[in-house]
Amino acid sequence: MDIETAYNKALDYLYSFVDYSLKHSSELAKAEFNLDRMFALMEELGDPQNTYPIIHVAGTKGKGSVSALCASALQAGGYTVGLYTSPHLLDYCERIQVNGEPIPHELMVELVEEIKPAVARVPFLTTFEITTALGFLAFARQGCNAAVIEVGLGGRLDATNIITPKVSVITSLSYDHMAVLGDTLAKIAGEKAGIIKQGVPVVSSPQKDEALEVLERVAKMRGCDFTLVGKDIRFGRLGSSLDSQTLHLSSAKTPSKLVVTIPLLGEHQIENAATAYTALKASGIEIPDESIQKGFSQVKWRARFEVARRDPPVIFDSAHNQDSFIKLRQTLDEYFPGQQAYLIFGASEDKNIPGMFAEMKPKIKKLIVTRADHPRALEAEKIIELADQAGVESEAVSPVEAALARALELSKNDGSIVLSAGSMFVTAEVMQAWRNIK
């Protein structure tokens, strides 16, 4: 059997289990999440997650960027680094990366075959649990001597939360997945704080008071050093362009400043870089400032205000809640002042779409509503209704490939931005379509 056929069979096997990422929010809220299955599975596999130091990252927004920055810096420091993130954009193996590269399809096939007997001995496992186990196993097999693990959903009951990391990191908290995590910031913070382990240092991005209070309380209760970015570690932007932005970092205790450059755009990425720097320092993993500077400057993290073409602009973004749409609008205002966008938009059925439209309305020339090939994607007709209520001009175009073609056609006439946001799944399909027409 050729590798691609075997790889697709391996994916079919993974998707044959319960995959909550494909379930509607009502089913997700009723899900039986606990860590017993995951502990049992990892014990069957010999607990490979205990063989390398780990940075564990939770949060509503920014956790992927912080994870990518940490991994890139560690790689620049000479470590063999595992990076586990979700969801993927174009290929399932993107979830499990070693030194910035997705593991080969061949290795995924081998690992899936290897874990099948262990999986068979643990009832009711989910797709995400098995994939997480594959990640932990892959990093051990590939000789990783450092890993960065991004939480999938929440924290307390997330499949990744069987580890004892060197540092627990909590990025910016806002409202998302409320059916599962709770309808207040305090409840959401409580779920995210579930990754805080006894005596393990905690690093937090700047937070609203309601969330910060919970994080500080849990950290204190578990005897953890707590570092708050923005207070204990100060940062500020020095300059920005469409190529990169530069920031300074300093400890509240020492006057010396470190200057770093990142290719990720937008003011929120300055905060993410400061959080990643603080996490690396708090982890106790040995890494000089020069490696952090080098790694940050080389980081790759796709679909985060990714400018694929400058004139007329084509931008891929992963904003998918109200808070991230505020950041997207601010970034557009900064880099493309006075310009509006043809927004290729789709969303999952559990998202606050009116909130997203309220934040983005001044920047939308026209909404090109489409639907990703995903079971949780909301029908275009329902989004059109919400757009009408918000006073946003819109039209429905499917499939996603046709939506991109329509936006490009409109942009060709007036030079407006072509922007994809609202759903990672839509943006992934837009990126694939863009790759095909370039």
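Let me start with one residue. Tyr92 has 4% relative accessibility, so Tyr92 counts as buried. Buried here means under 20% relative accessible area, exposed means over 50%, and partly exposed is in between, with a 1.4 Å probe and protein chains only.

A word on the model. It is predicted, so local features need pLDDT of at least 70 and side-chain atom pairs count only at pLDDT 80 or more, while totals for chains, interfaces and linings use all residues. Residues are numbered from 1 along each chain as its sequence is written, and side-chain values use heavy atoms, with hydrogens and water left out.

Back to the rings. Rings of Phe, Tyr and Trp (its six-membered ring) pair if their centres lie within 6.5 Å; planes under 30 degrees apart are stacked, over 60 edge-to-face, and the rest tilted. That rule gives eight aromatic pairs. One of them joins Tyr15 and Tyr92 edge-to-face, at 5.6 Å centre to centre and 80° between the planes. Tyr15 sits in helix H1 and Tyr92 in the loop between strand S2 (81–84) and S3, so the pair ties together parts that are 77 residues apart in sequence. Helices (H or I, at least four residues) and strands (E, at least two) are DSSP runs, numbered from the N terminus.

Now a second pair. Phe305 and Phe336 are tilted, at 6.5 Å centre to centre with 40° between the planes. Phe305 lies in the loop between H11 and S12, and Phe336 in the loop between helix H12 (322–335) and S14, so this pair ties together parts that are 31 residues apart in sequence. Phe305 is buried, at 3% relative accessibility. Phe336 is buried too, at 6%. Ring pairs link Phe305, Phe336 and Tyr335 into a cluster.

On to the cores. A nonpolar core is a set of buried Ala, Val, Leu, Ile, Met, Phe, Trp, Tyr and Cys residues joined through side-chain atoms within 4.5 Å. How many residues has the largest one? It has 43, and Ile103, Met108, Leu134 and Phe139 have the most contacts inside it. Elements giving two or more residues to this core include helix H1 (3–15), helix H5 (105–120) and helix H6 (127–141). Apart from it lies another core, of 38 residues, among them Ile55, Ala68, Tyr277 and Phe296. In soluble globular proteins, nonpolar side chains tend to be buried together.

Next, the sheets. Two strands pair if DSSP finds at least two bridges between them. An open sheet of eight strands runs S4-S3-S2-S5-S1-S6-S7-S8, with mixed pairing. Which strands stand at its edges? Strand S4 (101–102) and strand S8 (226–228) do; each has a single partner strand, so one side of each is left without a neighbour in the sheet. Inside the order, strand S6 (residues 167–170) and strand S7 (residues 202–204) run parallel, joined by three bridges. Ser168 has Val202 in S7 as its bridge partner. Helix H10 packs on this sheet, touching strand S1 (54–58), S6, S7 and S8, and its direction makes about 165° with that of S6. Contact means heavy atoms within 4.5 Å. Axes are lines fitted to C-alpha atoms, for helices over the stretch in contact, and angles run from 0 to 180 degrees between N-to-C directions.

Another open sheet has three antiparallel strands, in the order S9-S10-S11. Strand S9 (233–240) and strand S11 (257–262) are at the edges, each with a single partner strand, so one side of each has no neighbour in the sheet. Six bridges join strand S10 (residues 245–251) to S11. His248 stands opposite Val259 in S11. Helix H10 (residues 267–283) lies across S9, S10 and S11 as well, at about 40° to S10.

Then a hairpin. Strands S12 and S13 form it, with two residues between them. Four bridges pair S12 (residues 306–310) with S13 (residues 313–316), antiparallel.

Last, two helices. Helix H11 (residues 289–298) buries Ser291, Ile292, Gly295 and Phe296. They cover an arc of only 125° around the axis, which puts them on the same side of H11. The arc is that of the directions from the helix axis to the C-beta atoms. These residues pack against helix H4 (63–76), S11 and H10.

In helix H14 (residues 380–390), the buried residues are Ala380, Ile383, Ile384 and Ala387. Their arc is only 105°, which puts them on the same side of H14. Glu381, Asp388 and Gln389 are exposed on the other side. After H14 comes Gly391, with a positive phi near 75°.
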